[in-house]
Amino acid sequence: MNALRRNVLKGATGAGAVAVAVAAGLITPTRVLAGAPRSAFEAKNLADAMKGMGLPPATDSKDITIKAPDIAENGAVVPVEVTSSIAGTSAIAIIAEKNNTPLVADFEFSGGAQGYVSTRIKMGSTALVRAIVTAGGKTYQAAKEVKVTIGGCGG
Amino acid sequence: MAEPMKIRATMAGDTADIKVLMNHPMETGQRKDAKTGQLVPAHYITEVTATINGAAVLKAGMGGGVSKNPYLGFKVKGAKAGDKVSVSWVDNTGDKRTDETTVG
């Protein structure tokens, strides 16, 4: 299933091709919009990570709350909690902008799971922590700056 | 064999609050060993899935940017006390682990 999706995404030069694949029933829309392929986790910058996830540019939303410390003393463990009150939230991705590989984790919800996730991430330096929310086929985002005094990536 | 996870699932109103603590080094592959100066090979969880009574509720992809011994908290509406929660992870070396608990 994953291999199929990857091929489909790789072969798609634009949204049109994806739409055709959706229409053909090869992949469901949520599958296209949520669930990052592994390549997205290896992307070295934000734009590539977004592209790798196959997400359109996100619009800013006030309905996304990111709970993270203003100043993290230890970049190796930065608690991050994302709550999306957007109806129909199906996925949340967490991105630490200045990390070597900015995409930290992505979460896909189903079967009653709420638009909420809490985890702990590593941050190499002071950066914006960005939450990308997919809801009803649209993409939303919010960001919060976290100051890091000791980096948690690399030696 | 990987160390077991700690999973706690409690009801808050009509929503189950599920907290998972995984035991994993989460090496990014970018860190150098302090003694040898060699890069420590990447070793991190790539995928986590959670089910309640067999039905998928959460599928997560992770990169090396998740902290050591990953913590994961999520909420599921409509779950009931006594429901079986199962969480599994797979790492980049192919190692895997599944643990279960019941909603209390």
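How many residues of chain A are in contact with chain B, and how many of chain B with chain A? In this predicted model, 29 residues of chain A are in contact (heavy atoms within 4.5 Å) with 31 residues of chain B.

## Basis of the model

Local features need pLDDT of at least 70 and side-chain atom pairs count only at pLDDT 80 or more, whereas totals for chains, interfaces and linings use all residues. Residues are numbered from 1 along each chain as its sequence is written, and side-chain values use heavy atoms, with hydrogens and water left out.

## Buried area

Between chain A and chain B about 2400 Å² is buried, 47% of it given by carbon and sulfur atoms; buried area is the accessible area (1.4 Å probe) that two parts lose on being put together, summed over both. Of the area that chain A buries against chain B, A:Tyr116, A:Arg120 and A:Lys122 supply 24%, more than any other three residues.

## Strand pairing and the salt bridge

Strand E6 of chain A (103-109) and strand E4 of chain B (residues 55-62) run antiparallel and are joined by five bridges; strands here are DSSP runs of at least two residues, numbered from the N terminus, and two of them pair if DSSP finds at least two bridges between them.

Within this pairing A:Glu108 stands opposite B:Lys59, and these two residues also form a salt bridge, with their closest N and O atoms 3.7 Å apart. The count between the two chains is one salt bridge, defined as a side-chain nitrogen of Lys or Arg within 4 Å of a carboxyl oxygen of Asp or Glu.

Definitions and conventions: Chains lettered and ligands numbered in written order. Helix = DSSP H or I, 4+ residues; strand = E, 2+ residues; numbered from the N terminus.
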